[in-house]
Amino acid sequence: MDEYTSEIFIGGQSTIVLHNAYDESLLAAPIILDLVLLAKLSTHIQLKAIREGKFHSFYPVATILSYLTRPLW
């Protein structure tokens, strides 16, 4: 909880109180950053089977990772 007090005209005071209900979201920030970097890396990966001549993109995994990193609101 943060509290800010300021003076207003005629000697009055104004107080603003902020309640942070999402302290846990600050703890999740490094995990989200890792997921975003992994999703970006997976867009650059291409796979090829031994007997195939064509490379295939890694987009299905990138789609799942982008779904996991979406905002919840």
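**A walk through the predicted fold**

The protein's secondary structure consists of two helices and four strands, where helices (H or I, at least four residues) and strands (E, at least two) are DSSP runs numbered from the N terminus. Along the sequence these elements are arranged in the pattern β-β-α-β-β-α. This is a predicted model, in which local features need pLDDT of at least 70 and side-chain atom pairs count only at pLDDT 80 or more, while totals for chains, interfaces and linings use all residues. Residues are numbered from 1 along each chain as its sequence is written, and side-chain values use heavy atoms, with hydrogens and water left out.

Of the 73 residues, 5% count as buried, a term that means under 20% relative accessible area, with exposed meaning over 50% and partly exposed lying in between (1.4 Å probe, protein chains only). Among the contacts (heavy atoms within 4.5 Å) with a separation of 6 or more, 11% are between residues 24 or more positions apart.

Gln13 belongs to strand S2 and counts as exposed because its relative accessibility is 58%. Leaving aside residues up to four places away in sequence, Gln13 touches Thr5, Ser6, Glu7 and Ile8.
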